[in-house]
Amino acid sequence: MTTLPFNEPFERRNTGCIKWDSCGSALPFWIADMDVRSPDCIVRALHARVGHSFFGYACMTDELRGAIVRYMKAAHGADILPEWLIETPGCVPALSLVARALCRPGDAIMTCPPVYPPIRHVHHDAGCRLVEIPHLFEGGAWRFDWDAMERAVTPDTRLFILCNPQNPLGRVWPRQDVERLARFCEAHGLALCSDEIHCDLVLDENARHFTAMALPEALRRRCITLSAPSKTYNIAGLGFSFAVIPDDALRTRVLSARGCTLPGVNCLAHAAALSAYTEGEPWRRSLIVHLRGNRDYLYKYVETHLPGIALHPMQATYLAWMDCSALGLEDPCSFFLHQAKVKLNPGSDFGAPRHVRFNFGTTRGMLARGLAAMAQALRGHA
């Protein structure tokens, strides 16, 4: 248990919360929304901004740009410039924007499943094709299938979308893999879009996130990096993220594709982001301790009480990827919803049926309740 209130009881039902209000009486362990109150520094920043009493159209301030630049240098060793930043109302709209900016009908986008569902669907927004090369699990870790990627890439492939840290696999891609991927994109004329929204949620003490922002300059010119404080500080509903695009021509191309489809970011989101990047680090470190403990509890519980469910090692995020193939269930997500009253994400959405994704970003007590319900359902199934 932590000394900060990550294990305090809470009530989120009937508050307009997608996670809790869309699943009836079931316990929700699905959408990437933690049952964790955002840090006091962010709450104070929001109260102060509300006290200003003006809520007109907002813009990203130099103060916020500077805070992001300093944070990325201190936390991830990335030297970026303020003018490289483009704010967006979320990483999913940003993924769509990048796809529309760089691809035309008949082009292709490449990615590696299982992967965050919107990455598998933004090609529809650009009217182009999706090429999927599944990740391989070898030697105790997930890796890229480099040979299959070389065979699958075509002259009309325009974009590779990377998820790092990987959702749902929890893999933190090492520097050599990110650099090799960037060289692959350079060799084949692809842009590289790296979704790094979980970059500050690395749980393993011996793992370090390597950001595409820190690639050598020669490889960075094709890179677009997406990030946000939203997952780390549980403020996704405020709608703030940003893209880092070092190349002037590429940045202009992305900006030109905005059209009339994306809303601006609101002033409260700016205030929360500024607080996160300037005051939130002590809270974040305590959160990591809590999430690491929850992960370890979950892995031990699954090993002991949930036979037939396999878990591979994960280094980051609060989203566990469960292989339910050995259970013999056609739809494990539906089984646990109806038999255990536990709502999970179906693996089919990520490109891997007979898997489920389990969100352990909650209190230890709630985690224990959900796992116990799943264990009881499996005993009945057996």
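1. The peptide bond from N164 to P165 is cis, with omega near -5 degrees.

2. A word on where this comes from. The model is predicted, so local features need pLDDT of at least 70 and side-chain atom pairs count only at pLDDT 80 or more, while totals for chains, interfaces and linings use all residues. Residues are numbered from 1 along each chain as its sequence is written, and side-chain values use heavy atoms, with hydrogens and water left out.

3. Now have a look at two backbone spots with positive phi. N234 has a phi of about 55 degrees although it is not a glycine, and it sits in the loop between α9 (230–233) and β10. N234 is buried (under 20% relative accessible area; over 50% is exposed, and in between is partly exposed; 1.4 Å probe, protein chains only), with a value of 17%. T317 is not a glycine either, and its phi is positive, about 75 degrees. You will find T317 in the loop between β11 (310–311) and β12 (319–323), buried with a relative accessible area of 0%.

4. Next, helix α3, residues 62–76. Its 15 residues reach 21 Å from the first C-alpha to the last, close to the 21 Å expected at 1.5 Å a residue (the expected span is 1.5 Å times one less than the number of residues). Among the buried residues of α3 are L64, I68, Y71 and H76. The buried residues of α3 pack against β2 (85–88), β9 (223–227), β10 (241–244), α11 (267–279) and α12 (281–305). After α3 comes G77, with a positive phi near 65 degrees.

5. Helix α4 covers residues 91–102 and reaches 16 Å between its end C-alpha atoms, close to the 16 Å expected. How many of its 12 residues are buried? The count is 9, so α4 is largely enclosed by the rest of the structure. The buried set includes C91, L95, V98 and L102.

6. Finally, how do α12 and helix α14 (residues 364–381) pack? Their angle is about 20 degrees, with the axes 11 Å apart (axes are lines fitted to C-alpha atoms, for helices over the stretch in contact, and angles run from 0 to 180 degrees between N-to-C directions). The two are therefore roughly parallel to each other (under 35 degrees; over 145 is roughly antiparallel, 65 to 115 roughly perpendicular and the rest oblique). The contact (heavy atoms within 4.5 Å) is made by residues including H290, Y297 and H305 of α12 and R364, L371 and A375 of α14.

Key. Helices (H or I, at least four residues) and strands (E, at least two) are DSSP runs, numbered from the N terminus.
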